[in-house]
Amino acid sequence: MKFLSFIEQAMPRLGLLTEDDTVIDLTAMLAASPDHRLPFMPANVSELIALGEPGMRAVSACLDRHLDAGQSGLKLADVQIAAPLLMKKNVFCVGRNYRDHIIEGNLARGRPADQFPTAIEFFTKPPTAVVGHLAKVRRHADLTDSLDYEAELAIVIGRRGCDISRDAALDHVFGYTIVNDITARDLQQRHGQWFKGKGLDTSCPMGPVVVHRSAIPNANDLAISLTVNGELRQSDNTASMIFDVPAIIEQLSAGMTLEPGDVIATGTPKGVGFAMTPPVCLQPGDVVSATVQHIGTLTNTLSKE
Ligand code: MG
């Protein structure tokens, strides 16, 4: 199942995206079926995750009745999509995780090509950075002249846990989405730690949907790609990660509780702008589309101001 958050008549809504690009308004559907006894009506994907298994059971039961009754939904093109998750905490991110991207970064920085991390490099992006599909990414021209893109598979946590073992890791996953880890390369370099260069407002496009884990047979075998104005820049498979999804959950949750609704971006493949010869930055009006197999395509435009 593909879940999304959208706005209908200025109100937040939880939706289900069907295979024929129809959006079913789950918030309205659940409100019309009061027999499920949920403590509250979910109005976005974060609230559905917070409801846990009872929420998913209620959605499945209502959906069966809805489809049996032959009821239709909204056309995706007519729907105003929001960021799928209402983040209360920073988005966790993994740096340097794809082998070829590490090599291109090492070469661009004049380091030996084969210097690979032995432990996962974590950083975060604040909730104020998160925007949804089709939202404008701010240029921040007074701060940076080197905005870059990074297509990433992102894990969405569904069950709370600390010290999660590799074997139990996938039991804590609700599903997966896409993140574009927009980075100001000059700020990333200037400030030493990556947080400032990766934390600007609108620098974390996310979505368009969260796909339930039951619809992703293997998160470590997904095609991932990114285009700028239709030109292919990144193309790889999540199988190229050095640290796979269970390893990321195991290492991040060691001594640190992960909670439902937490998001972990898992790193980006080769093909980022700063490692091109010569380096290339995003330009005002550029249209950036990140695609992950079985999830969809996240598209955003760099604003002209
Ligand atoms: Mg990244």
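**Close-up views of a predicted model**

At 10% relative accessibility, phenylalanine 123 counts as buried (buried is under 20% relative accessible area, exposed over 50% and partly exposed in between, with a 1.4 Å probe and protein chains only). This is a predicted model, where local features need pLDDT of at least 70, side-chain atom pairs count only at pLDDT 80 or more, and totals for chains, interfaces and linings use all residues. Residues are numbered from 1 along each chain as its sequence is written, and side-chain values use heavy atoms, with hydrogens and water left out.

**View 1. Phenylalanine 123 meets tryptophan 194.** Here the ring centres of phenylalanine 123 and tryptophan 194 sit 5.3 Å apart with planes at 65°, so this pair is edge-to-face. (Rings of Phe, Tyr and Trp, the last by its six-membered ring, pair if their centres lie within 6.5 Å; planes under 30 degrees apart are stacked, over 60 edge-to-face, and the rest tilted.) Phenylalanine 123 belongs to strand β7 (residues 121–125), while tryptophan 194 is in the loop between α5 (185–190) and α6 (195–198), so the pair ties together parts 71 residues apart in sequence. (Helices, H or I with at least four residues, and strands, E with at least two, are DSSP runs numbered from the N terminus.) Tryptophan 194 counts as partly exposed, at 23% relative accessibility.

**View 2. Phenylalanine 3 pairs with phenylalanine 174.** The structure has two aromatic pairs, and this one is tilted, at 6.0 Å centre to centre with 40° between the planes. Phenylalanine 3 comes from strand β1 (residues 2–8) and phenylalanine 174 from strand β12 (residues 173–180), so the pair links parts that are 171 residues apart in sequence. Phenylalanine 3 is buried at 0% relative accessibility, and phenylalanine 174 is buried too, at 7%.

**View 3. Three residues hold the magnesium ion.** Glu150 (OE), Glu152 (OE) and Asp181 (OD) coordinate the ion at 2.0 to 2.2 Å. (Donors are N, O and S atoms within 2.8 Å of the metal, or 3.2 Å for Na, K and Ca; water is not among the atoms, so sites may look incomplete.) Along the chain, the donors follow the spacing E-x1-E-x28-D. Both glutamate 152 and aspartate 181 are buried.

**View 4. Serine 203 and its contacts.** Look for serine 203 in the loop between α6 and β14 (204–212). Serine 203 is buried, at 3% relative accessibility. Leaving aside residues up to four places away in sequence, serine 203 touches Lys125, Ala129, Asn180, Asp181, Ile182 and Lys198 (contact means heavy atoms within 4.5 Å).
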